[in-house]
Amino acid sequence: LVCIFEKENEFSMIEINSETDFVAKNNEFIKFAEEVTEVALSKKGKLDDILLSKMKNSNLVKDNLVELISKIGEKITIRRSSYLNKNKLSNFSYTHSSLKKNIGKLGVLLSIETTKSKNDINNLGKQLAMQIAASAPLAIDKDGIDTSVITKEKEIITEELKNSGKDPKIVDKIAAGKLNKFINDNTLLNQEWIMDPKKKVKDIIKDFADKDKIIIKNFFRFKVGEGI
């Protein structure tokens, strides 16, 4: 499961995994995930600190985890954790495929710096979080993508074009276009807006901001099992 906890514009999110979907629907598993996510907020998402923190029964998270594994009979792992500070930012969350509020198979945390009030951008913030959930950007903009990812993608594109029999004279030009599309598809600001594909996310933000400031500062997207 992915579980989110919020308190006064401060957010934590964890991914906790079992071996079967059946266990992920177990009430004890869900309650454990909820409490661990609450602990994660107080530890600012630092996984090592979370594991060594006490839960309501006065036992450490790591010891309660061992007990839960023994009781359920499956390997259970607290895989990763993230955290958003409330420090002068407007924060938002979104949970997809929810079993209950703030618990599901995919979660998003989003942090925005703005001169508008949180109430004024509440709908936009929720829509942007949904955009991230649906479109899975790698970064906010090009600068946020690891250079090794871009290099690898360029190699793949170039190799495919060479193997397709394209004229070597135009391979580089076509590769540049395809690489640019890859960057646009995988950077939040350059993605097509899911509610109006004729516009890009950056255009929606610019129009909504008008004379105010709206800057996306950070986001986290956890999808259960992704990358394992």
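This is a predicted model: local features need pLDDT of at least 70, side-chain atom pairs count only at pLDDT 80 or more; totals for chains, interfaces and linings use all residues.
Residues are numbered from 1 along each chain as its sequence is written, and side-chain values use heavy atoms, with hydrogens and water left out. Local features need pLDDT of at least 70 and side-chain atom pairs count only at pLDDT 80 or more, while totals for chains, interfaces and linings use all residues.

Start with the sheet. β4, β6 and β9 line up in that order as an open, antiparallel sheet (strands are DSSP runs of E, at least two residues, and helices runs of H or I, at least four, numbered from the N terminus; two strands pair if DSSP finds at least two bridges between them). β4 and β9 are the edges with a single partner strand each, so one side of each has no neighbour in the sheet. On average, neighbouring strands are turned by 15° against each other, direction ignored. Nine bridges join β6 and β9; in one of the pairs, Val108 has Arg221 of β9 as its partner.

Buried residues of α5 include Leu124, Leu128 and Ile132 (buried is under 20% relative accessible area, 1.4 Å probe, protein chains only).

As for rings, the charged end of Arg80 sits over Phe222, 4.2 Å from the ring centre, and Lys118 lies over the face of Phe92 at 5.0 Å (NZ of Lys or CZ of Arg within 6 Å of the ring centre and within 35 degrees of the ring normal).

Note on methods: Buried means under 20% relative accessible area, exposed over 50%, partly exposed in between (1.4 Å probe, protein chains only). Axes are lines fitted to C-alpha atoms, for helices over the stretch in contact, and angles run from 0 to 180 degrees between N-to-C directions.
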